[in-house]
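Please read it alongside the sequence and the model.

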Amino acid sequence: MQKLLIKPGTMKLSTLRTVARHHIPVALDPAAYKRIDASKKLVDDLIDDGRVMYSINTGFGALAKVKIPPDMFGQLQKNLVLSHAAGVGRFLEDDVVRLILLLKINALSQGYSGARRELVDFLIALYNNELYPCIPEKGSVGASGDLAPLAHLALPIIGAGQVRVNGVLCDARAALKKHGLKPLELAPKEGLALLNGTQVSTALALRGLFRAEDCFAAACVSGALTVDASLGSTTPFDPEIQKIRRQQGQIDVAKVYLNLLKGSAIRQSHKHDHDPKVQDPYCVRCMPQVMGACLDHIRFSAGIFLNEVNAVTDNPLVILESGDVKSGGNFHAEPVAMASDTLALAIAETGSMSERRIAMLIDHKISGLPPFLVKDAGVNSGFMIAHVTAAALTSENKQLATPSSVDSLPTSANQEDHVSMATYAARRLNEMAANTANIVGIELLAAAQGVEFLAPLKTSKPLQDAMKLLREHVGHYEQDHYFSPDIRAAARLVEAGSFLPFVGRKLLPSLHM
């Protein structure tokens, strides 16, 4: 397989989306090694000149005033890794660890961290050999960076901890030996360069972004199907209405709905004098406004995450241009935390609108369809409890959407007195997206069921294609049966990004940025 060439600081969301789904071998642009070597030399020169530099020849955090003798520099870096590897909980999944490794390689190879080329190459070897460090999901407050989880990332480098290989947990030292790798002795600055940074929060946020986009695309399709199933109007999607509002997301989403519904015989059957409705419920009529706002916030969050992907976020920073080492606060993950909170709102609202449309479809007084979307209602309960499931998941997401970035607890003897909580803010996005995928999956099933009740009238060609995709996995609901596998199958289609092609590459940021 051809290797992905890493040009430091130029990573794209579209590349990271691919990497999150599939392992792609990587190689570092040879030109990057010049800055890496120069950065390491500057650190060594400043040590020789007697400069006092945080965590290079001092203690860490609240112990920053403790001077470390030269013969203990290596032990200091090793101790940092071992003592900070204090995470708890389940291990992060391979797709997240893969992203973390790639982001750390991208950061260290920019030449602001004082790390040797050997360290960068070791990280690349871990990535290419799919030796994924076992990283507990809990233990970071998002400042100073993702210390605990990144310490677990660093453990195999010094021959400690565990790695996961093809889904199997292995002793790190034994796995390294099997792949011809020897643990490294960390040089001054390298332990902290590995531990300091926002790569874990950012990788979790990226996973949340990609899954939010998958849900959003599927919800556009399910919403359009619901319009036809409920004999809804396309007038609310008229470009003139959107233009007056001036909100770009709304303008773009309305175009998607019109394209999805173009040519629908169902719409034509009630477009003019035969339309019994004056106005549709908000869950249909206001889809451009609500989903457009969600799209704007997805795009905003994506921009913040992309900046963070290509940022250098450890401390202190080695500035070649001024020949200095400077301490700052780039490790503080507040941008990731706030953008993750924003993205959480979009995920929650995407699911909330979908749940309301399910409720409308099963209510025969509003939709005009058979009660609970099934023949012989009474004997059959149809989609009754599937909607209850959607309601339960929607309510869960309301709780999970509570902002994390406004929460802060001081740590490290009040030296680190304001933290971002970015790691949790980003991590909870995965559960929220899973909830929304199931909600939208239920709507896809319900809306397709509704459209089929309107036969021989047909929906548009794009929506027929979407229904065909769905029906390849789940059949029409003829009578009550074990329903959970149907929902799971529909949700898997959502999570696989199967509906992304229906909305176009330019709509969602990670498809083109």
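The second largest cavity holds about 30 Å³ of space. On a 1 Å grid over the protein atoms alone, a cavity is a set of points where a 1.4 Å probe fits but cannot get out, and lining residues have an atom within 4 Å of a point. Grid points are joined across faces, edges and corners, and a volume is the space filled by probe spheres set on the points. This is a predicted model, in which local features need pLDDT of at least 70 and side-chain atom pairs count only at pLDDT 80 or more, while totals for chains, interfaces and linings use all residues. Residues are numbered from 1 along each chain as its sequence is written, and side-chain values use heavy atoms, with hydrogens and water left out.

**Cavities**

- The lining of the second largest cavity consists of Leu103, Ala107, Thr198, Gln199, Thr202, Glu308, Val309, Ala311 and Thr313.
- Helix H4 (94–108), H9 and helix H14 (287–309) each give two or more residues to the lining of the second largest cavity; helices (H or I, at least four residues) and strands (E, at least two) are DSSP runs, numbered from the N terminus.
- By class, the lining of the second largest cavity has 4 nonpolar, 4 polar and 1 charged residues. Ala, Val, Leu, Ile, Met, Phe, Trp, Tyr, Cys and Pro count as nonpolar, Asp, Glu, Lys and Arg as charged, and the others, Gly among them, as polar.
- Over the whole structure, a search finds 2 cavities of 30 Å³ or more.
- The largest cavity has about 40 Å³ of space, and its lining divides into 5 nonpolar, 2 polar and 2 charged residues.
- Residues lining the largest cavity include Phe383, Leu445, Gln449, Arg471 and Asp486.

- Leu206 lies in helix H9 and is buried, with a relative accessible area of 0%. Buried means under 20% relative accessible area, exposed over 50%, partly exposed in between (1.4 Å probe, protein chains only).
- Not counting residues up to four places away in sequence, Leu206 touches Leu13, Leu16, Leu99, Leu103, Phe305 and Val309, where contact means heavy atoms within 4.5 Å.
- Asn310 sits in the loop between H14 and strand E8 (317–319) and is buried at 17% relative accessible area.
- The side chain of Asn310 reaches the backbone nitrogen of Met11 at 2.7 Å. A polar contact is a pair of N or O atoms within 3.5 Å; within protein, one must be able to donate a hydrogen and the other to accept it, and residues adjacent in sequence count only if both atoms are side-chain atoms.
- Neighbours within four places in sequence aside, Asn310 is in contact with Gly9, Thr10, Met11, Asn106 and Gln110.

**Helix H19**

- In helix H19 (residues 461–471), the buried residues are Leu463, Ala466, Met467 and Leu470. They are on the same side of H19 because they cover an arc of only 100 degrees around the axis, taken from the directions from the helix axis to the C-beta atoms.
- Lys461 and Lys468 are exposed on the other side of H19.
- The cover over the buried residues of H19 includes helix H9 (199–229), helix H11 (248–261), helix H18 (422–453) and helix H20 (484–495).

**Asp37**

- Asp37 belongs to helix H2 (residues 32–48) and counts as partly exposed at 31% relative accessibility.
- A polar contact of 2.6 Å joins the side chain of Asp37 to the side chain of Arg117.

Note on methods: On a 1 Å grid over the protein atoms alone, a cavity is a set of points where a 1.4 Å probe fits but cannot get out, and a pocket is an open set with protein on both sides within 12 Å along at least five of seven lines; lining residues have an atom within 4 Å of a point.
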